[in-house]
Amino acid sequence: VVGGMVIFGFDAHDRPGHHAGVVALDAATGEIVWYWDPDDGGEPAGCGGVWSSPAVDVDAGQVFFGTANCPTSPEGWHDATEAIVALDLDDGSVIWTFQPHEPNRDDLDFAGAPNLFEVDGRAVVGLGNKDGHYYVVDRATGDLVHDVLAKESDFEEGSNFSFGGFIGPTATNGAIVAGGTAGQGANACPCLHGIDPTSGTLVWQASEPLPIYGGSVIVNDLLFAGGTDFTFRAVDLTSGETVWSQEVPGVVAGAPVVAGDDVYAVIGLREPGTGAAATSAGIAKFALGARDDTSDATTTTLAAYDGPVVLAPTDQPCVASPCDLAFTFPPPPDGLAPTAVLEITTDPFTFRMEAEGLGDPIQWVAPNAPDVDAGAEVVALALAVSDEQPIGTIICTFDADGVCAADTIPQPSPRFGRLAILALPEGAPFPSIAEGVSRLVYTTTFDPPLEVVEPSTDEDP
């Protein structure tokens, strides 16, 4: 909100025929003051959408933002695709654009909100890209000042889909820029980075956090950020060391907000690929001072069981007939190309997976796994309640012939919405959230979830 206007961006999400861009509305009336159209009045190509909030240099009268990829490239590609863009605050006309990439289908969005700061007295704008680089450009001209590679992005060229790099906004206090990168697989991290914006060098990289999709915020000498390991952290801004952390009920994929002595974190996600609503999502408040403990305790374990199991009938792949599994998430370690066939029956329950090419279990363990020193001797298959409730049970381990088979669920829940293959130490129990994320070999969603009919499980875990 600036100059009596509300300025926001919107994204076509790779859908040709759908408009994207930036709009300035009169804050009093809601009427459109100006609209920046990445297609310049032409047929929408689904390119150059705007994911996040703009930043505004009020004195210079400039609006800055990043734009998304182009699924139809090279058709539809234009000089504001995958770009940092500067518009005139008064009328929305383009002042300059900065593009680090040639036309491509690699999904290398500028996803976050820009940072405004100075380098040796020079006004600059900085923004991270999904290619893993943080770019700093001159605010007046759009010329590149420098860029810093925090972490190589993980994408297959031409696939129009990338997981890694900067997605959530970074934060800055002028002396340092800090924020997280996303990614998948054992080599996704380090995922939290501190950058010297003057020299364009990395000051530190934190080894503890797992992939980060949400934004960061700086207060005094602390950086607050959450990640996919269901953990919210305060990190020393000068060293990257974790000062304080707290496990939370879900993924933290939004930016925290600080108000006085209180910090608010946005928690939870919808089950990907399904219509299931999130049940543990919400807001968590953290505060300086004594804790007012009014929350109910929750369990992270399921009851032991060794009897017969019956599932409700369900019409989906791998149930009642074999199906092939594609090991694409997380990507296999270099040199491995695993394949597998899975078949599940419901009444009575049986489970059988035959896999080839899984390699040595330790190859799948992230170097920054919380318990990396424990190693990994087996590959095990587990059922979990859901993405937002990643608690569950290990049902079998793969033998020397690559077979994992079971006819019971040792700790039944009313339902299981996710299957995961994990690289674990011999005899290890179902892992903690952070450990599970860093030991993942394969995961997929059951849609709808597998419903356990027998034994009767009346209450959700």
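Q: How many bridges join β27 to β30?
A: Four bridges join β27 to β30, and the two strands run antiparallel. Strands here are DSSP runs of E with at least two residues, helices are runs of H or I with at least four, and both are numbered from the N terminus. Two strands count as paired if DSSP finds at least two bridges between them.

Q: Before we go on, what kind of model is this?
A: This is a predicted model, where local features need pLDDT of at least 70, side-chain atom pairs count only at pLDDT 80 or more, and totals for chains, interfaces and linings use all residues. Residues are numbered from 1 along each chain as its sequence is written, and side-chain values use heavy atoms, with hydrogens and water left out.

Q: Thanks! Back to β30: which residue there is the bridge partner of M353?
A: That is C404.

Q: And what does M353 touch?
A: Leaving out residues up to four places away in sequence, M353 touches L325, A340, V341, L342, L381, F398, G402, V403, C404, L419 and I421. Contact here means heavy atoms within 4.5 Å.

Q: How many bridges does β27 have with β26?
A: Eight bridges join β26 to β27, again antiparallel. The two strands form a hairpin with two residues between them, and T346 stands opposite F349 in β27.

Q: Which residues have the most contacts inside the largest nonpolar core?
A: Those are F351, M353, L381, L419 and I421, in a core of 41 residues. A nonpolar core is a set of buried Ala, Val, Leu, Ile, Met, Phe, Trp, Tyr and Cys residues joined through side-chain atoms within 4.5 Å. The strands that each supply at least two residues of this core are β25, β26, β27, β28, β29, β30, β31 and β32. β32 gives the most, with five residues. Apart from this core lies another one of 15 residues, among them M5, I7, F65 and L89.

Q: What about the open sheet, what order are its strands in?
A: The order is β24-β32-β31-β28-β29, five strands with antiparallel pairing. β24 (310-311) and β29 (392-397) stand at the edges with a single partner strand each, so one side of each has no neighbour in the sheet. β28 and β29 pair over five bridges, and A384 stands opposite G392 in β29.

Q: Changing topic, how many salt bridges are there?
A: The count comes to ten salt bridges, where a salt bridge is a side-chain nitrogen of Lys or Arg within 4 Å of a carboxyl oxygen of Asp or Glu. One of them joins D107 and K130, at 2.9 Å from N to O. This pair links distant parts of the chain, 23 residues apart: D107 is in the loop between β7 and β8, and K130 in the loop between β9 and β10.

Q: Are D107 and K130 buried or exposed?
A: D107 counts as buried because its relative accessibility is 6%, and K130 is buried too, at 4%. D107, D109 and K130 are linked in a network of salt bridges.

Q: What does R122 pair with?
A: R122 forms a salt bridge with D138, the closest N and O atoms being 2.6 Å apart. R122 lies in β9 and D138 in β10, so the pair ties together parts 16 residues apart in sequence. R122 is partly exposed at 36%, whereas D138 is buried at 9%.

Q: And where is L108?
A: L108 is found in the loop between β7 (94-98) and β8 (115-119). L108 counts as buried because its relative accessibility is 5%. Leaving aside neighbours within four places in sequence, L108 is in contact with N69, E82, H101, N129, K130, D131, F155 and S162. The C-alpha atoms of L108 and S162 are separated by 7.1 Å, though the two are 54 residues apart along the chain.

Notes: Buried < 20%, exposed > 50% of the residue type's maximum accessible area, 1.4 Å probe, protein only.
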